[in-house]
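This briefing is meant for someone meeting the structure for the first time. Please look over the sequence and the structure, and then read the points grouped by topic below.

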Amino acid sequence: MAYRIALLGGSYDPVHHGHVALGEYFAALLQVDQLRVIPTGLPWQKATLKASSQQRADMLGLAFAGRPFSVAVDLQEIARGAQGLPTYTIDTLRQIRAELGPQASISFLMGADQLQRFDTWHEWQSLFGYAHFCVAARPGYDMATAGLPPAVAEAFSSRLGTPQQIRNTPHGLTYLAQDFAVDISATQIRAALQRGEKADSLIPPLVLDYIEQHHLYKS
Ligand SMILES: Nc1ncnc2c1ncn2[C@@H]1O[C@H](COP(=O)(O)OP(=O)(O)OP(=O)(O)O)[C@@H](O)[C@H]1O
Ligand SMILES: O=C(O)c1ccc[n+]([C@@H]2O[C@H](COP(=O)([O-])O)[C@@H](O)[C@H]2O)c1
């Protein structure tokens, strides 16, 4: 049977329960051999990040430690960022496809906020040649295809696959998880921490300890 992997890219400033739930949801649905979490290096569509690359990667390791499935933190986007290269998912997928070969089932996971802007991603139409794209609903964002840019709606609705099809093919399918609903964002957490609140219901305890030890998100 071909190797199966799910990729969860993000800024993780900081990682929170929503990310962990998203990874767990699709790791189980797709029965992956590995979940690979990939912190961005230079996310070209985001304002400056608060925590350093090292801190965001450290927090990711803490958040995903001890899961009942294999998790790896992939630092390739941070390495490219250190060379001044913007983070493009297409570059990451090309590297991982070259690493795992043509048969591996590779699924890129994301929330509905990114689905709504998917046509702004670098070389977005080429992405389906490297991975499947699995999207989780997110409170406040419309995932009905009618609410999406027409080209994104067409691309995603014409490629819809079942979990079984995604598990058994290398790339090119989409999946929309309408039943996922975790109302947490890193923006909300940064704001709460800046107000001096603990945000302990939103972040894994080890990550909260790390944030306190490193005096992050106070300003
Ligand atoms: N609560 C959530 N439900 C579903 N998807 C989520 C959730 N939180 C984050 N994601 C998804 O995880 C990926 C990484 O998200 P990111 O690190 O930017 O966190 P965020 O909470 O969206 O951050 P920010 O508030 O700073 O924009 C994105 O694809 C995003 O859509
Ligand atoms: O490739 C792109 O142009 C692109 C544009 C926007 C977002 N992404 C990726 O989408 C993932 C989630 O991004 P974000 O900003 O929600 O943390 C992360 O892996 C980003 O690198 C990728």
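The model has an open sheet of six strands in the order β3-β2-β1-β4-β5-β6, with parallel pairing; two strands pair if DSSP finds at least two bridges between them. β3 (71-73) and β6 (174-177) stand at the edges with a single partner strand each, so one side of each is left without a neighbour in the sheet. This is a predicted model, in which local features need pLDDT of at least 70 and side-chain atom pairs count only at pLDDT 80 or more, while totals for chains, interfaces and linings use all residues. Residues are numbered from 1 along each chain as its sequence is written, and chains are lettered from A and ligands numbered from 1 in the order in which they are written.

**The sheet and the helix on it**

- Helices (H or I, at least four residues) and strands (E, at least two) are DSSP runs, numbered from the N terminus.
- Strand β5 (residues 132-136) and β6 run parallel and are joined by four bridges, and Val135 stands opposite Leu176 in β6.
- Helix α1 (residues 17-30) packs on the sheet, where it touches β1, β2 (34-39), β4 (105-111), β5 and β6, and its direction makes about 165° with that of β1.
- For such angles, axes are lines fitted to C-alpha atoms, for helices over the stretch in contact, and the angles run from 0 to 180 degrees between N-to-C directions.

**The pair α2 and α9**

- The axes of helix α2 (residues 53-64) and helix α9 (residues 205-213) come within 8 Å and cross at roughly 150°.
- α2 and α9 are therefore roughly antiparallel to each other, a term used for angles over 145 degrees, while those under 35 count as roughly parallel, 65 to 115 as roughly perpendicular and the rest as oblique.
- Asp58, Met59, Leu62 and Ala63 in α2 meet Leu206, Val207 and Tyr210 in α9, where contact requires the C-beta atoms, placed from the backbone, to lie within 7 Å.
- By class, the contact of α2 with α9 has six nonpolar, no polar and one charged residues; Ala, Val, Leu, Ile, Met, Phe, Trp, Tyr, Cys and Pro count as nonpolar, Asp, Glu, Lys and Arg as charged, and the others, Gly among them, as polar.

**The two ligands**

- Around ligand 1 there are 18 residues, of which Gly10, Gly18, Gly111, Ala186 and Thr187 come nearest; a residue is near a molecule or strand if its C-beta atom, placed from the backbone, lies within 6 Å of it.
- α1 gives the most to the shell around ligand 1, with three residues, and by class this shell has seven nonpolar, eight polar and three charged residues.
- Ligand 2 is surrounded by 16 residues, the closest being Gly9, Ser11, Thr89, Trp121 and His122.
- The shell around ligand 2 receives at least two residues each from β1 (4-10) and α4 (89-100), and its residues divide into six nonpolar, nine polar and one charged.

**Backbone details**

- Asp13 and Pro14 are joined by a cis peptide bond with an omega of about 5°, and Pro14 is found in the loop between β1 and α1.
- His215, in the segment after α9, has a positive phi of about 55° although it is not a glycine.

Notes. Two residues are in contact if their C-beta atoms, placed from the backbone, lie within 7 Å.
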